[in-house]
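I am opening my notebook on a new chain today. I will go through the structure piece by piece and write down what I look up.

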Amino acid sequence: MTLTLRSSTSFINLKEIKGVKNPDDFPTTVCFSQFKRSCHHGLRAKCSMQEAAQLSQPLEGRVNEKRERLHGLAATQSHGSSSRVPVFIMLPLDTMTMGGNLNKPRSMNASLMALRSAGVEGVMVDAWWGLVEKDGPLKYNWEGYAALVKMVQEHGLKLQVVMSFHQCGGNVGDSCSIPLPPWVLEEISKNPDLVYTDRSGRRNPEYISLGCDQLPVLRGRTPVQVYADYMRSFRERFKEYMGNIIVEVQVGMGPCGELRYPSYPESNGTWRFPGIGEFQCYDKYMRASLAASAEALGKGDWGRSGPHDAGQYHQFPEDTGFFRRDGTWKTEYGQFFLEWYSGKLLEHGDRILTAAAGVFQGTGAKLSGKIAGIHWHYNTRSHAAELNAGYYNTRERNGYLPIAHMLAKHGVVFNFTCMEMKDGEQPGSANCSPEGLVRQVKVATKAAGAELAGENALERYDSRAYEQVLATSRSDSGNGLSAFTYLRMNKNLFEPENWRNLVEFVKSMSEGGRSTRLPECDSSRTDLYVGLIKKRNAKNVNEAVLV
């Protein structure tokens, strides 16, 4: 049968052609052929996945020996048995329309068919709070998601669903705008301290401040109660699919769905890479908490405000008194503040995951939580960018072990980003080390008994990025990956060379991270051919043909 996929800016857009008069004339056609399967030039990718022996190959990288000992990076290598690593594909951010319906269903259907043929395990979708509970408190609209779940089931795929309690828009890769629910924004307009605030008073509407987690500030309910009610509604609406089709629920705990503070917002040029960002603890609820913690220690002066010498969004660590080599971060006051700031974030994650575990217990679906891969300034002593985001990780302290323990306590998968990045690809002035960061997280999750899954932080389609993910997926040191979610399905993914790279990657992950190259012609079992064709009176278009 033949399936033609055409690209758009979001989905693979199946454009209507001149003369189409009814839906059956739509260009996505499924037709049967009695011709013998032939071998085409281009890509043919097997759907089948098989178990294979795992390679044990040490990861490369430059890490200070003392830091390796502190962060556990010099631990004995683990040579576990080989296992396949399932690959999921993130769907576009605008998978649902602003009205709550499935966006471009025919294009989605065709895309899922192609992904299934490529051997992927399933797809991931954001369940946007700003769309589902848009019409008012406790008024949920899951209909668009119901259509997607059924479509995923029909194609034999699995689904990861993100409980997205954050705004879409204003960060890396955000291609559309989905604000928080209107009724929530109305409450924020009445009380601006409901959202995170920086030292200069800039309010960030991406996510509700954790400072009011336990206060009934959302029309009689606390934010955590609102999140729990939302998750409970989701569970009830999709209970027949939980554990079999919906295999994972990722619980959003901050901006971009990550457990962190919004310390590096890109909107309006507030921050740009590789700036250190800023602390986000200046709403009245966070300031009250800081003051109470300082008073409890008999250090009232420490609770009057956050650090005065922490610099601004675009600065580097050495430009500040707080983050420089032997700066305020190393003093008794600095340690107090950082313990409080990171501790509040851990408490926030613990509260939300406690609620999530209660909601989804017994459903058969895994729970996961996403942690940001903040790799810039990792090779400095203070790790300023991580500290501003709420991760108390320095040259002298392992900040990811407490997070891993908290997730493990709830049986929640530690989902980490930047798995595709290499140190040598980063600007030298930024003191980046994504590879060192990933190694540290792998060891921390293993020590804590937490399952580890991964994502790529930026859109990449090249073989070098895939090879890096393959390397980090293995358990040569610390945890191997239990799953990988690729960011993101769009028109670029279906370009012939990009598609070939993806299919080779999926096949390699199915064989325990062993790099595999597909032959030009692979005619075994059900195959997917991706090539470039030219239609008369039309531009070149990408075509995926299921033979």
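This is a predicted model: local features need pLDDT of at least 70, side-chain atom pairs count only at pLDDT 80 or more; totals for chains, interfaces and linings use all residues.

**Entry 1: Gly277**

I started with Gly277 and asked what it touches. Leaving out residues up to four places away in sequence, I found Ser263, Trp271, Gln312, Tyr313 and Asn388. Next I looked up where Gly277 sits. I placed it in the loop between strand 7 and helix 7. Is Gly277 buried or exposed? Its relative accessible area is 0%, and buried means under 20%, so I wrote down Gly277 as buried. I then checked a distance to Pro265, which is 12 residues from Gly277 along the chain. The two C-alpha atoms are separated by 8.1 Å.

**Entry 2: the whole chain**

I stepped back for an overview. How many helices and strands does the chain have? I counted 13 helices and 13 strands. The chain has 547 residues, and 59% of them count as buried. I also looked at contacts between residues at least 6 apart in sequence. Of these, 77% join residues at least 24 apart.

I kept a general rule at hand: most peptide bonds are trans. Then I looked for exceptions. Pro274 lies in the loop between strand 7 (246-251) and helix 7 (284-296). I had already placed Gly277 in the loop between strand 7 and helix 7.

Another cis bond runs from Leu487 to Arg488. Its omega is near 10 degrees. I found Arg488 in the loop between strand 11 (484-486) and helix 13.

Arg219 has phi near 55 degrees, a positive value, and it is not a glycine. Its place is the loop between strand 6 (203-208) and helix 6 (223-237).

I found His383 in the loop between strand 8 (366-371) and helix 9 (384-389). Its relative accessible area is 0%, so I marked His383 as buried.

**Entry 3: helix 7 against helix 8**

I turned to helix pairs. Helix 7 and helix 8 (residues 332-360) pack at an angle of about 130 degrees. Their axes are 11 Å apart. Angles over 145 degrees would count as roughly antiparallel, and 65 to 115 as roughly perpendicular. Helix 7 and helix 8 are therefore oblique to each other. I noted their crossing as right-handed. Which residues meet here? From helix 7 I listed Met286, Ser289, Leu290, Ser293 and Ala294. From helix 8 I listed Phe336, Phe337, Trp340 and Lys344. By class, this contact has six nonpolar, two polar and one charged.

**Entry 4: helix 10 against helix 11**

The axes of helix 10 (residues 400-409) and helix 11 (residues 434-448) come within 8 Å. They cross at roughly 45 degrees, which makes helix 10 oblique to helix 11. This crossing is right-handed. On the helix 10 side, the contact is made by Tyr400, Leu401, Ala404, His405 and Ala408. On the helix 11 side, I wrote down Leu437, Gln440, Val441, Ala444, Thr445, Ala447 and Ala448. The contact of helix 10 with helix 11 has nine nonpolar residues, three polar ones and no charged ones.

Helix 2 (residues 105-117) has 13 residues. From first C-alpha to last, helix 2 reaches 18 Å, close to the 18 Å expected. Its buried residues include Ser107, Met108, Leu112 and Leu115. Just after helix 2, Gly119 takes a positive phi of about 95 degrees.

Helix 13 (residues 496-510) has 15 residues and reaches 21 Å, close to the 21 Å expected. How many residues of helix 13 are buried? I found 13 of its 15, so I noted helix 13 as mostly covered. Just after helix 13 comes Gly512, with a positive phi of about 75 degrees.

Definitions and conventions: Residues are numbered from 1 along each chain as its sequence is written. Side-chain values use heavy atoms; hydrogens and water are left out. Helices (H or I, at least four residues) and strands (E, at least two) are DSSP runs, numbered from the N terminus. The expected span of a helix is 1.5 Å times one less than its number of residues. Buried means under 20% relative accessible area, exposed over 50%, partly exposed in between (1.4 Å probe, protein chains only). Axes are lines fitted to C-alpha atoms, for helices over the stretch in contact, and angles run from 0 to 180 degrees between N-to-C directions. Angles under 35 degrees count as roughly parallel, over 145 as roughly antiparallel, 65 to 115 as roughly perpendicular and the rest as oblique. A crossing is left-handed if the near helix is turned anticlockwise from the far one by less than a right angle, and right-handed if clockwise. Contact means heavy atoms within 4.5 Å. Ala, Val, Leu, Ile, Met, Phe, Trp, Tyr, Cys and Pro count as nonpolar, Asp, Glu, Lys and Arg as charged, and the others, Gly among them, as polar.
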